Amino acid sequence: MYEISADVERNRLYLTLMDIGPGEGKLFNNDIRVEVEKLKPGFSAVSDIRNFVVNAPEEGAWADQIIQYLVKMGMKRAVRITGTSVSSQKGMEEAGYVAYMAENLEAAEKMLDQME
């Protein structure tokens, strides 16, 4: 299960990843493309991965495809919500974008708002 939405005004993609079962990786890949089409290059993404579990090992292959697609479409920053206290907001460069960690949605929003 997952949720995806695009905030066109903020030029931001929101993802919530939960239990990913058989066949959901392909659906997720298709659904994310629909939402990304609403955004402009330079967009940021917030991924809530607190409850993320891949229940079907074969579904893991879609993750790299999605990241490559997001970078190709112009994602510049990503914040991953982990649910744990984060001692540093320092970003790490990954495959053409900068990734940050945050404890919750409010912290992720604040972090991105300060950068944009």
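# Strands, rings and cores in a predicted model

Modeller: In this predicted model, strands S1 and S2 form a hairpin with four residues between them, and Asn11 in that turn has a positive phi of about 55°.

Colleague: How many bridges pair S1 and S2, and in which sense?

Modeller: There are six bridges, and the two strands pair in the antiparallel sense. As an example of residues facing each other, Ser5 stands opposite Tyr14 in S2.

Colleague: Which residue in S4 stands opposite Tyr14?

Modeller: That residue is Val46. S2 and S4 run parallel and are joined by five bridges. Strand S6, residues 77–81, also runs parallel to S4, with five bridges joining S4 to S6. Within S6, Ile81 is the bridge partner of Asp48.

Colleague: What does Ser47 touch?

Modeller: Leaving aside residues up to four places away in sequence, Ser47 touches Leu15, Val79, Arg80 and Ile81.

Colleague: A change of topic: how many aromatic pairs does the structure hold?

Modeller: The structure holds three aromatic pairs. One of them is formed by Tyr2 and Phe28, which are edge-to-face, at 4.8 Å centre to centre and with 75° between the planes.

Colleague: Which parts does the pair of Tyr2 and Phe28 tie together?

Modeller: Tyr2 lies in strand S1 (residues 2–7) and Phe28 in helix H1 (residues 24–36), so this pair ties together parts that are 26 residues apart in sequence. Both Tyr2 and Phe28 are buried.

Colleague: And what about Phe52 and Trp62?

Modeller: Phe52 and Trp62 also form an edge-to-face pair, at 6.4 Å centre to centre and with 70° between the planes. Phe52 is in the loop between S4 and strand S5, whereas Trp62 is in helix H2 (residues 61–72), ten residues apart.

Colleague: Is Phe52 buried or partly exposed?

Modeller: Phe52 is partly exposed, because its relative accessible area is 33%, which lies between the limits of 20% and 50%. Trp62, in contrast, is buried, with a relative accessible area of 7%. Ring pairs link Tyr2, Phe28, Phe52 and Trp62 into a cluster.

Colleague: Where does Arg33 lie relative to Tyr69?

Modeller: Arg33 lies over the face of Tyr69, at 4.0 Å from the ring centre.

Colleague: Now for the largest nonpolar core. Which residues touch the most other members?

Modeller: They are Leu13, Phe28, Ile32 and Leu70, out of 20 residues in that core. S1, S2, H1, H2 and strand S8 each supply at least two residues of this core, and the largest share, four residues, comes from H2. As background, nonpolar side chains tend to be buried together in soluble globular proteins.

Colleague: What does Ile32 touch?

Modeller: Not counting residues up to four places away in sequence, Ile32 touches Ile4, Leu13, Leu15, Ile66 and Leu70.

Colleague: Which residues does the second core include?

Modeller: The second core is separate and has nine residues, among them Ile81, Ala102, Ala108 and Met111.

Conventions: Residues numbered from 1 in each chain as written. Predicted model: local features only at pLDDT ≥ 70, side-chain atom pairs only at ≥ 80, totals over all residues. Heavy atoms only, no water. Contact = heavy atoms within 4.5 Å. Phe/Tyr/Trp six-rings, centres within 6.5 Å; stacked < 30°, edge-to-face > 60°. Buried < 20%, exposed > 50% of the residue type's maximum accessible area, 1.4 Å probe, protein only. Lys NZ or Arg CZ within 6 Å of the ring centre and 35° of its normal. Core = buried A, V, L, I, M, F, W, Y, C linked by side-chain atoms within 4.5 Å. Pairing = 2+ DSSP bridges.
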